[in-house]
There are 2 protein chains.
Amino acid sequence: MRDDRFCNSNCPFTRAIGTISNKWKPIIINVIGTRTIRFGQLDAIIPHISRKVLTEQLKELEEDGLLERLAYKELPPRVEYKLSEKGLAFLPILEYIKEWNSKYEIVPILEEPDYK
Amino acid sequence: MRDDRFCNSNCPFTRAIGTISNKWKPIIINVIGTRTIRFGQLDAIIPHISRKVLTEQLKELEEDGLLERLAYKELPPRVEYKLSEKGLAFLPILEYIKEWNSKYEIVPILEEPDYK
DNA sequence: TATTTTGGTTACTATTAGGTAACTACAAAA
DNA sequence: TTTTGTAGTTACCTAATAGTAACCAAAATA
């Protein structure tokens with residue numbers, strides 16, 4: 001899932017890209033934002049993602065210290081996710097990307113967000 | 001190469017991620033920076049990239065308006081690439097990512113950049 | 001008793017991305 | 001005459017990623 005050539009690079013920027021620059025991670029981080037959210041909610045809110053891929057991505061985000069996972073010892077299970085300090089510090093970058101996009105993207109048909 | 005579900009999303013953020021969030025594009029944009037650079041130089045400077053993938057990525061960046069391609073009618077051929085206004089406007093985002101990374105990454109062994 | 005709920009995991013398959021090597025054009029230099 | 005240089009393209013093959021469907025536990029609910 002992660003490219004070792006990026007993650008083991010001796011260049012810090014290359015490592016950073018290896019950590020966060022795939023298509024699902026920015027989406028997941030953006031959806032979580034400042035809230036605490038359960039697995040099922042993420043699965044329901046994020047379009048087109050499968051539970052399998054969601055699980056994998058969440059695991060990697062946790063390993064890389066962007067995400068905190070809180071599993072309650074209950075049945076049926078309850079697991080909550082929220083961004084760590086590192087993850088929260090990434091949110092402004094996503095906001096810059098949104099600004100950059102709205103300034104330069106050639107206008108397409110619709111403008112509704114996939115989620116709120 | 002590009003995921004249609006992202007690029008045709010009605011959510012502008014999702015589209016933006018579809019456009020720029022793969023592992024090679026931020027690297028390429030960062031390497032080009034503010035200079036004009038030839039294909040062969042990019043190929044030599046960026047570690048691990050094959051000419052095939054480099055060509056594909058450059059083509060997509062051009063299609064998405066981040067990159068300008070200038071082909072001289074010479075033999076042997078000479079092609080120069082440089083960032084467009086849209087591409088240049090993306091550079092600060094890469095700088096934020098570098099800052100974010102240096103602040104939060106768990107210190108690894110080496111700190112040399114792959115390229116200058 | 002059967003069904004639902006939740007957050008996964010597993011096995012299998014399909015799709016996509018990426019790597020490798022050979023090849024192109026043509027001028028200039030050796 | 002052969003080699004060199006540039007910026008690719010093409011075909012073929014392998015590796016990585018993603019999708020699908022079935023399955024799990026154990027308590028609560030119908």
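Two strands count as paired if DSSP finds at least two bridges between them. Helices (H or I, at least four residues) and strands (E, at least two) are themselves DSSP runs, numbered from the N terminus. The model described here is predicted, so local features need pLDDT of at least 70 and side-chain atom pairs count only at pLDDT 80 or more, while totals for chains, interfaces and linings use all residues. Residues are numbered from 1 along each chain as its sequence is written, and chains are lettered from A and ligands numbered from 1 in the order in which they are written.

Six bridges join β2(A) to β3(A) (residues 78–83), in the antiparallel sense. Within this pairing, Tyr72(A) faces Arg78(A) of β3(A).

Two helices of chain A also meet. The axes of α3(A) (residues 24–32) and α5(A) come within 10 Å and cross at roughly 80°; axes are lines fitted to C-alpha atoms, for helices over the stretch in contact, and angles run from 0 to 180 degrees between N-to-C directions. α3(A) is therefore roughly perpendicular to α5(A), a label given to angles of 65 to 115 degrees, with under 35 roughly parallel, over 145 roughly antiparallel and the rest oblique. On the α3(A) side the contact (C-beta atoms, placed from the backbone, within 7 Å) involves Trp24(A), Lys25(A) and Ile28(A), and on the α5(A) side Val53(A), Gln57(A) and Leu61(A). Four of these residues are nonpolar, one is polar and one is charged. Here Ala, Val, Leu, Ile, Met, Phe, Trp, Tyr, Cys and Pro count as nonpolar, Asp, Glu, Lys and Arg as charged, and the others, Gly among them, as polar.

Next comes the meeting of the two chains. Chain B and chain A each bring 37 residues to their contact. On the chain B side, α1 (4–7), α2 (12–20), α3 (24–32) and α7 (91–104) each supply at least two residues, and α7(B) has the largest share, eight residues.

Finally, DNA strand D has 19 residues around it, the closest being Arg38(B), Phe39(B), Gly40(B), Pro76(B) and Val79(B); a residue is near if its C-beta atom, placed from the backbone, lies within 6 Å. To this surface α5(B) gives the most, three residues. By class, the surface has nine nonpolar, four polar and six charged residues.

Definitions and conventions. Contact = placed C-beta atoms within 7 Å.
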